[in-house]
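Subject: Handover of the structure, with notes on its strands, cores and pockets

Dear colleague,

Please find the structure below, followed by my notes on what was found in it.

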Amino acid sequence: MSEAIARELMAQRFRSYLPVVVDLETGGFNAQGDAVLEIAAVTLTMDPEGNLLPDATYAYHIQPFDGANVEQSALDFTGINLDDPLRRQVALSEEQALGEIFRPIRKSIKAHGCSRAILVGHNAAFDHGFLNAAANRCGIKRNPFHPFSSFDTATLAGLIYGQTVLARACRAAGIEFDNKSAHSARYDTERTAELFCAMVNRYKDLGGWQLAQREQAMDSGD
């Protein structure tokens with residue numbers, strides 16, 4: 001019974017969209033020509049009280065696609081070593097990595113009674129652009145994400161905490177952040193997921209979502 005309630009609440013909360021937190025580490029700023037080097041996604045779930053929670057993490061190293069550009073400045077920033085033997089052993093092609101990421105997301109969409117995923121990211125337009133470009137390169141027709149809508153935690157954190165940098169926003173929300181671990185797709189995605197959940201749940205605790213639901217119910221009853 002509690003699982004059914006949580007499923008119904010999740011389907012209602014974001015207009016049947018399932019928020020999925022995504023971070024990509026790339027070889028530059030050009031989504032069409034620069035390589036995707038890492039991708040991570042965190043699916044979210046909801047408890048019967050309507051609290052949003054991180055669910056599962058999926059993270060992969062990616063081999064640059066043929067002809068891809070990789071700026072040295074990007075490698076210096078992320079600390080990614082393309083020649084690392086361990087990385088080369090586990091890195092997947094873009095198509096393989098997207099398949100591994102999209103498969104559980106589709107299952108989570110169905111499990112939560114939602115119709116589509118909506119990307120959550122810190123400076124979401126950057127990640128969304130690279131994700132769409134990679135999906136198009138790979139000829140993926142069933143991209144589970146909405147093609148252009150997203151939730152940007154930099155904007156939301158600026159509104160709620162007065163902070164737009166991920167590390168500072170996390171600390172303002174009481175979430176530990178290790179700068180030495182930053183710029184790993186897995187680490188940044190997991191912290192962004194915690195931050196997004198904290199902001200959504202804080203709004204709920206202040207009466208925001210429930211109040212909006214009550215007002216909608218009253219309007220429909222008039």
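The model is a predicted one, in which local features need pLDDT of at least 70 and side-chain atom pairs count only at pLDDT 80 or more, while totals for chains, interfaces and linings use all residues. Residues are numbered from 1 along each chain as its sequence is written, and side-chain values use heavy atoms, with hydrogens and water left out.

Strands

I begin with β1. This strand runs antiparallel to β2, to which seven bridges join it, and parallel to β4, to which it is joined by five. Val20 stands opposite Thr43 in β2, and its bridge partner in β4 is Leu119. Thr43 in turn has Ala56 of β3 as a bridge partner, and β2 and β3 (residues 52–61) pair in the antiparallel sense over nine bridges. The hairpin of β2 and β3 has five residues between the strands, and there Gly50 takes a positive phi near 85°.

Is β1 enclosed or open to the outside? Ten of its ten residues are buried, so the strand is largely enclosed by the rest of the structure; buried here means under 20% relative accessible area, exposed over 50%, and partly exposed in between, with a 1.4 Å probe and protein chains only. Tyr17, Pro19, Val21, Asp23 and Glu25 point one way from β1, while Leu18, Val20, Val22, Leu24 and Thr26 point the other way, and all are buried.

Cores

A nonpolar core is a set of buried Ala, Val, Leu, Ile, Met, Phe, Trp, Tyr and Cys residues joined through side-chain atoms within 4.5 Å. The largest such core has 44 residues, of which Val20, Ile39, Leu44, Leu52, Leu98, Ile105 and Phe145 touch the most other members. Two or more residues of this core come from each of α1 (2–13), β1 (17–26), β2 (36–46), α4 (94–111), β4 (116–121), α5 (124–137) and α8 (185–205). There is also a second, separate core of twelve residues, among them Ala157, Ala169, Ala182 and Met199.

Pockets

On a 1 Å grid over the protein atoms alone, a pocket is an open set of points with protein on both sides within 12 Å along at least five of seven lines, whereas a cavity is a set of points where a 1.4 Å probe fits but cannot get out; lining residues have an atom within 4 Å of a point. Grid points are joined across faces, edges and corners, and a volume is the space filled by probe spheres set on the points.

The largest pocket has a volume of about 600 Å³. Its lining holds 25 residues, and those closest to the centre are Glu25, Phe77, Phe126, His183 and Asp188. The elements giving two or more residues to this lining are β1, α2 (72–78), α5, α7 (166–172) and α8. By class, the lining divides into ten nonpolar, ten polar and five charged residues, where Ala, Val, Leu, Ile, Met, Phe, Trp, Tyr, Cys and Pro count as nonpolar, Asp, Glu, Lys and Arg as charged, and the others, Gly among them, as polar.

The second largest pocket holds about 220 Å³ of space, and its lining divides into nine nonpolar, no polar and one charged residue. Residues of this lining include Arg13, Phe14, Phe151 and Met199, and α8 gives the largest share, four residues.

Individual residues

Asp188 lies in helix α8 and is buried, with a relative accessible area of 8%. Leaving aside neighbours within four places in sequence, Asp188 is in contact (heavy atoms within 4.5 Å) with Asp23, Glu25, Leu166, Phe177, Ala182 and His183.

His183 has a positive phi of about 70° although it is not a glycine, and most residues other than glycine have a negative phi.

With best regards

Conventions:
Two strands pair if DSSP finds at least two bridges between them.
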